[in-house]
Amino acid sequence: MSDVVEIYTDGACKGNPGVGGWGALLIFKGVEKELWGGEAETTNNRMEMTAAIRALAELKRRCDVRLITDSQYVMQGINDWMPNWKKRGWKTAAKQPVKNADLWQQLDEQVNRHNITWQWVRGHTGHPGNERADMLANRGVDDVRMGKLG
């Protein structure tokens, strides 16, 4: 088996919409890299997606990736909804524009650069990688509130 990059992602929002943050923990051959950021006015779903986009964009070449998220929205979007949205020109079955289409398109672009296995974990249950990603997402919220971001 080739070497796999493990990525844990999470989003946080204080108010929905409100101040949001995203976090990602990348692990490759025992080396860890932490990423985080935030926005002043956003939603939890947008932050969950941004975490995955920014983490995948950090990889400079095609990689085998195991991306672990606690977001049902991201998992369903990737696995169930996106193929049909693309066929319909980013419209829902009801012919409405897809919510967060800008981020879904960016995520699709990143997904196509890598070989990704998606894994869902229940959030806030003590899973070490998920807890670290949550901490980073909350750091993003704090940085926005302190005027460092957003």
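Which elements cover the buried residues of H3? The cover includes H1, H2 and S5. This is a predicted model, in which local features need pLDDT of at least 70, side-chain atom pairs count only at pLDDT 80 or more, and totals for chains, interfaces and linings use all residues. Residues are numbered from 1 along each chain as its sequence is written, and side-chain values use heavy atoms, with hydrogens and water left out.

Some terms come first. Helices (H or I, at least four residues) and strands (E, at least two) are DSSP runs, numbered from the N terminus. Buried means under 20% relative accessible area, exposed over 50%, and partly exposed in between, with a 1.4 Å probe and protein chains only. Contact means heavy atoms within 4.5 Å.

Stay with H3 for a moment. Its buried residues are Ala-101, Leu-103, Trp-104, Leu-107, Asp-108, Gln-110 and Val-111.

Now turn to H2, which covers residues 72-87. The expected span of a helix is 1.5 Å times one less than its number of residues. For the 16 residues of H2 that gives 22 Å, and the end C-alpha atoms are 22 Å apart, so the two agree. H2 still has a kink of about 60 degrees at Trp-81, shortly before the proline Pro-83. The bend at a residue is the angle between axes fitted to the seven residues ending there and the seven starting there.

Tyr-73, Val-74, Met-75, Gly-77, Ile-78, Met-82 and Trp-85 are buried in H2. An α-helix has 3.6 residues a turn, so residues three or four places apart point the same way. The cover over the buried residues of H2 includes helix H1 (44-57), strand S4 (64-69), helix H3 (101-111) and strand S5 (115-120).

H1 has 14 residues. Its first and last C-alpha atoms are 20 Å apart, close to the 20 Å expected at 1.5 Å a residue. The buried residues of H1 are Met-47, Glu-48, Met-49, Thr-50, Ala-51, Ala-52, Ile-53, Ala-55 and Leu-56.

Why does Asp-10 count as buried? Its relative accessible area is 2%. Asp-10 and Met-49 are 39 residues apart in sequence, yet 8.4 Å apart in space, C-alpha to C-alpha.

Thr-9 is also found in strand S1. Thr-9 is buried, because its relative accessible area is 1%. Beyond neighbours within four places in sequence, its contacts include Glu-48, Ala-51, Ala-52, Ala-55, Asp-70 and Asn-130. Thr-9 and Arg-61 are 52 residues apart in sequence and 19 Å apart in space, C-alpha to C-alpha.

Asn-130 lies in helix H4 (residues 128-145). It is buried, with a relative accessible area of 2%. Leaving aside neighbours within four places in sequence, Asn-130 is in contact with Tyr-8, Thr-9, Asp-10, Asp-70, Val-121, Arg-122, Gly-123 and His-124.

Next, the backbone. Most residues other than glycine have a negative phi, and most peptide bonds are trans. Asn-16 and Pro-17 are joined by a cis peptide bond, with omega about 10 degrees. Pro-17 is found in the loop between S1 and S2. H2 is followed by Gly-89, whose phi is positive, near 70 degrees.

Trp-90 lies in the loop between H2 and H3. Its phi is positive, about 60 degrees, although Trp-90 is not a glycine. Trp-90 counts as buried, at 16% relative accessibility. Asn-100 lies in the loop between H2 and H3. Asn-100 has a positive phi of about 60 degrees, although it is not a glycine. Asn-100 is buried, with a relative accessible area of 17%.

A pocket is an open set of points on a 1 Å grid over the protein atoms alone, where a 1.4 Å probe fits, with protein on both sides within 12 Å along at least five of seven lines; lining residues have an atom within 4 Å of a point. The largest pocket has a volume of about 200 Å³. Its lining includes Val-5, Phe-28, Glu-32, Lys-60, Arg-61 and Cys-63. Strand S2 (18-28) and strand S3 (31-42) each supply at least two lining residues. The lining divides into seven nonpolar, no polar and five charged residues.

Terms used:
Grid points are joined across faces, edges and corners, and a volume is the space filled by probe spheres set on the points. Ala, Val, Leu, Ile, Met, Phe, Trp, Tyr, Cys and Pro count as nonpolar, Asp, Glu, Lys and Arg as charged, and the others, Gly among them, as polar.
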